[in-house]
Amino acid sequence: MVEKGRLTVRQLAALMFLCTIGEQILVFPAMITSFAHEDAWLSALLGVAGGMGILFIFLVTYKLHPKLNLIENALRTFGPWIGALFSCFYLFYFLIGTSTFIREIGDFMSTQILRESPLWFVHLLFVCSLVWGLICGLECIARSAELLLPLIVFFLLILTVCLLPHVKLDNIQPVLAQGIAAPFRGFIAVLTYPYCELCIFMMLFPYAKKEPHLEKDILLAGLIGGLMLTLTLTICLLVMGPFMTQHHWFASFQLSQKINIGNFLQRIEAFMASVWIIAVFFKSILFFYSFILGVSNLFRLSSYRKLILPAALLILAMSILVAPDEVFYLKVIIPYWIDWDLTCGIALPVLLILVHKLKSRVSKLERYNR
């Protein structure tokens with residue numbers, strides 16, 4: 001086995017929570033509001049419920065071969081040729097996903113905090129941190145997630161509580177003013193971004209200790225993560241209104257600048273930025289890890305560690321090339337990314353399950369006929 005590390009269920013649940021909020025803690029409000037406007041909170045609630053179904057699909061896929069990750073499972077189910085094509089599709093998805101998350105970090109830091117710093121330098125620093133994490137290993141990554149999780153939850157709750165005096169219920173009224181089409185589009189977006197991208201956990205499930213409450217904890221972590229995103233989105237709508245939320249790409253960061261309690265507790269947006277960077281770090285490193293681990297499985301290498309540095313250089317270059325500017329990312333990449341996420345998060349896992357069930361039934365019939 002290429003990966004010899006082992007995760008506890010609690011560590012796996014912590015990683016699930018952090019990857020659910022991931023980069024979405026800043027961009028989720030603007031993205032969903034652009035689809036559903038003042039009904040975005042309703043889309044988020046429905047999307048969280050639908051996301052539980054997606055996580056259930058991932059768990060069913062994992063149970064087909066509990067000792068194999070997604071790439072090994074595909075090679076076993078589809079055979080060496082079709083399985084290799086199936087695997088390459090996911091590996092390219094992991095590669096582009098990692099590069100895109102790094103680009104989001106770079107755009108945020110270079111436009112909001114480190115405005116004089118070159119984009120490539122911000123990317124380089126972040127990639128170096130990812131490389132160091134991968135060198136330390138999967139267990140070290142999981143322990144770090146377990147340690148930092150309470151800090152992230154604390155700051156998100158602080159953001160919510162401190163903004164309660166600025167809440168205006170008129171900002172989310174009237175409900176369903178534009179019919180159900182807009183909330184439905186927002187519902188699809190919620191399914192796509194927080195939940196379909198969690199398909200990377202099909203690469204991690206085999207390395208978790210087999211405990212009876214694994215499924216329950218995974219679903220609970222995904223549920224709580226989705227509810228935290230919904231809470232952040234709702235606060236943005238109630239304080240800023242749908243128009244301002246939609247047109248501020250980093251809406252929750254802008255929201256944190258409004259906190260001012262007694263002219264003492266204020267200017268905490270840097271703390272919110274640190275929360276987002278930590279969450280994006282764990283999501284990026286798991287995509288990075290899934291990419292190099294999948295390549296090792298596909299080519300039957302003895303270890304993935306030799307691929308860390310070459311893959312880091314490739315990802316660093318791709319993070320610059322993935323989009324010429326932020327406008328291109330918003331207008332061109334995001335609409336197509338929804339289809340890509342739905343394919344990787346729903347269509348292909350369901351296909352894998354159906355093919356496995358069909359092969360099992362055929363083999364049973366053959367044994368019966370003998």
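Visitor: How many aromatic pairs does a search of the whole structure find?
Guide: This is a predicted model, and a search through the whole of it turns up 20 aromatic pairs. One of them joins Tyr-62 and Phe-205, a tilted pair with 5.4 Å from centre to centre and 55° between the planes.

Visitor: Where do Tyr-62 and Phe-205 lie?
Guide: Tyr-62 sits in helix α3 (residues 40-64), while Phe-205 belongs to the loop between α8 (181-195) and α9 (214-247), so the pair ties together parts that are 143 residues apart in sequence.

Visitor: Are those two buried or exposed?
Guide: Both Tyr-62 and Phe-205 are buried.

Visitor: And what about Tyr-93 and Phe-287, why is that pair called tilted?
Guide: Their ring centres are 5.9 Å apart and their planes meet at 55°, so the pair counts as tilted. Tyr-93 comes from helix α5 (residues 80-113) and Phe-287 from helix α11 (residues 269-298), so parts 194 residues apart in sequence are tied together. Tyr-93 is buried, at 0% relative accessibility, and Phe-287 is buried as well, at 1%.

Visitor: Which residues form one aromatic cluster?
Guide: Tyr-93 and Phe-287 belong to it, and other members include Phe-78, Tyr-90, Trp-337 and Trp-340.

Visitor: Changing topic, how many disulfides does the structure hold?
Guide: It holds zero disulfides.

Notes
Residues are numbered from 1 along each chain as its sequence is written. This is a predicted model: local features need pLDDT of at least 70, side-chain atom pairs count only at pLDDT 80 or more; totals for chains, interfaces and linings use all residues. Side-chain values use heavy atoms; hydrogens and water are left out. Rings of Phe, Tyr and Trp (its six-membered ring) pair if their centres lie within 6.5 Å; planes under 30 degrees apart count as stacked, over 60 as edge-to-face and the rest as tilted. Helices (H or I, at least four residues) and strands (E, at least two) are DSSP runs, numbered from the N terminus. Buried means under 20% relative accessible area, exposed over 50%, partly exposed in between (1.4 Å probe, protein chains only). A disulfide is a pair of cysteine sulfur atoms within 2.5 Å.
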